[in-house]
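This briefing covers a ligand site, salt bridges, aromatic pairs and backbone geometry. Please read it alongside the sequence and structure shown here.

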Amino acid sequence: MKSPEFSYLKAQTMADVFSALKTHGDAAQLLAGGQSLLAMLNLRMANPSILIDISGLDSLKGIQQNGNVIRIGALTTHHEIDSSHIVKEHIPLLAQAVPYVAHLAIRNKGTIGGSLALGDPAAEYPAVALALNATLIIQSAKGERRVKASEFFISLYRTAVQADEILIGVEFPIAKPNQRFVFSELARRKGDYAMAGMALALSLEGQTIQDVALAFMAMDDKPILAPRAMKALTGQSINSQTISQAQAALDEDLQPAGDLSANAATKKHLSRVLLSRALIQAGATHV
Ligand SMILES: Cc1cc2nc3c(=O)[nH]c(=O)nc-3n(C[C@H](O)[C@H](O)[C@H](O)COP(=O)(O)OP(=O)(O)OC[C@H]3O[C@@H](n4cnc5c(N)ncnc54)[C@H](O)[C@@H]3O)c2cc1C
């Protein structure tokens, strides 16, 4: 199927974006890498009257360290993130996740801002942002506001970005030496959206888990934390008993609906497997 008709504006400045958003409101849609939006247009899942192409806005590109955070501009592509030494060194969880995002051709064009703003519950970056307590930076003609990942993802394809706003970037805290990170997912084929996926960040004091964040994807209508499993792990060392207790708690945390990729029981089973593998990997020197 071909896309519906739409007007097109290539924004040269942020002022162009805000002026067009003011004029067209909900009828406008931002175009970044186009890797999701063009398919959505062709499938008639989106029907904007105008596309505002933001891909030329250089101020939204790049990866920088600002004190104890790394800021990534919304238009930074998946491939740029994959190639970044800053990301490898300071945001290892994101570095682990990016090769799972689609295929190289899509990673060359698709952007982190597009992925986060789309809010697909089976996408990798939203789960990573949640596990790392990232801050999303949103701008409108009135100014800038900052939203924690836990408040940003609202429901299926719905985020905190309003019709007159644009996501301009995301800040991730720099990893600390006592932190361990594991990203893992299971998909039918490499590059497919996951049947189940998990982002784990934990800090160890000796062999004891001090803090842990456990975010799951493809389990709900948005990425979710697993609070009972996190509680079961906090203050414990990583061993087979702790892993079993965390898996039991996880069963209560996750209430997935089945989807085209897997039924609910399979998703829960895969999540338990992912959690066990990730904990063994995170505590490899201690098990
Ligand atoms: C075959 C295929 C497989 C894929 N597999 C995966 C996968 O496994 N995992 C995964 O995570 N993704 C996957 N994707 C999606 C891919 O990662 C996209 O790059 C990403 O979802 C959207 O980024 P984009 O820059 O292309 O955004 P676009 O397609 O241009 O836009 C997506 C949506 O976000 C909005 N938007 C874009 N930028 C902004 C912004 N700065 N502020 C506010 N709103 C904005 C747009 O208006 C639109 O609604 C896949 C895509 C394809 C085609």
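Which of the 29 residues around the ligand come nearest? They are Leu30, Gln35, Leu37, Thr111 and Glu124. The model is predicted, and its ligand has 88% of its 970 Å² of exposed area, taken alone, buried by the protein. The structure also holds 10 salt bridges and 2 aromatic pairs.

**Ligand site**

- The shell around the ligand divides into 16 nonpolar, 11 polar and 2 charged residues.
- Strand S2 (28-31), helix H7 (112-118) and strand S10 (166-173) each supply at least two residues of this shell.
- H7 gives the largest share of the shell, with 4 residues.
- Leu30, among the nearest residues, has a polar backbone atom 2.5 Å from an oxygen atom of the ligand.
- Leu37, also among the nearest residues, places a backbone N or O atom 2.7 Å from an oxygen atom of the ligand.
- At leucine 167, a polar backbone atom is 2.9 Å from a nitrogen atom of the ligand.
- Taken alone the ligand exposes 970 Å², and the protein buries 88% of that area.

**Salt bridges**

- The side chains of glutamate 165 and arginine 145 form a salt bridge, with an N to O distance of 2.7 Å.
- This pair links distant parts of the chain, 20 residues apart: glutamate 165 is in the loop between strand S9 (158-159) and S10, and arginine 145 is in strand S7 (residues 143-148).
- Is glutamate 165 buried or exposed? Glutamate 165 has a relative accessible area of 9%, so it counts as buried.
- Arginine 145 is at 32% relative accessibility and therefore counts as partly exposed.
- Lysine 61 and aspartate 58 meet through their side chains in a salt bridge of 3.1 Å, N to O.
- In that pair, lysine 61 is partly exposed, with a relative accessible area of 34%, whereas aspartate 58 is exposed, with a value of 56%.
- Another salt bridge joins the side chains of aspartate 192 and arginine 189, at 3.0 Å from N to O.
- Arginine 189 counts as exposed because its relative accessibility is 57%.
- A network of salt bridges links Arg228, Glu252 and Asp253.

**Aromatic pairs**

- How many aromatic pairs does a search of the whole structure find? The search finds 2.
- The ring centres of tyrosine 100 and phenylalanine 183 are 5.3 Å apart and the planes are at 50°, so this pair is tilted.
- Tyrosine 100 is partly exposed, at 30% relative accessibility, while phenylalanine 183 is buried, at 4%.
- The rings of phenylalanine 152 and phenylalanine 153 have centres 5.0 Å apart and planes at 85°, so this pair is edge-to-face.
- Phenylalanine 152 and phenylalanine 153 are both buried.

**Positive phi values**

- Most residues other than glycine have a negative phi.
- Arginine 44, which is not a glycine, has a positive phi of about 60°.
- The loop between helix H2 (37-42) and strand S3 (50-53) holds arginine 44.
- With a relative accessible area of 44%, arginine 44 is partly exposed.
- Alanine 218, likewise a residue other than glycine, has a positive phi near 65°.
- Where does alanine 218 lie? Alanine 218 lies in the loop between strand S13 (208-217) and strand S14 (224-225).
- Alanine 218 is at 7% relative accessibility and so counts as buried.

Definitions and conventions:
Residues are numbered from 1 along each chain as its sequence is written. This is a predicted model: local features need pLDDT of at least 70, side-chain atom pairs count only at pLDDT 80 or more; totals for chains, interfaces and linings use all residues. Side-chain values use heavy atoms; hydrogens and water are left out. A residue is near a molecule or strand if one of its heavy atoms lies within 4 Å of it. A polar contact is a pair of N or O atoms within 3.5 Å; within protein, one must be able to donate a hydrogen and the other to accept it, and residues adjacent in sequence count only if both atoms are side-chain atoms. Accessible areas come from the Shrake-Rupley method with a 1.4 Å probe; for residues, only the protein chains shown count as cover. Ala, Val, Leu, Ile, Met, Phe, Trp, Tyr, Cys and Pro count as nonpolar, Asp, Glu, Lys and Arg as charged, and the others, Gly among them, as polar. A salt bridge is a side-chain nitrogen of Lys or Arg within 4 Å of a carboxyl oxygen of Asp or Glu. Buried means under 20% relative accessible area, exposed over 50%, partly exposed in between (1.4 Å probe, protein chains only). Rings of Phe, Tyr and Trp (its six-membered ring) pair if their centres lie within 6.5 Å; planes under 30 degrees apart count as stacked, over 60 as edge-to-face and the rest as tilted.
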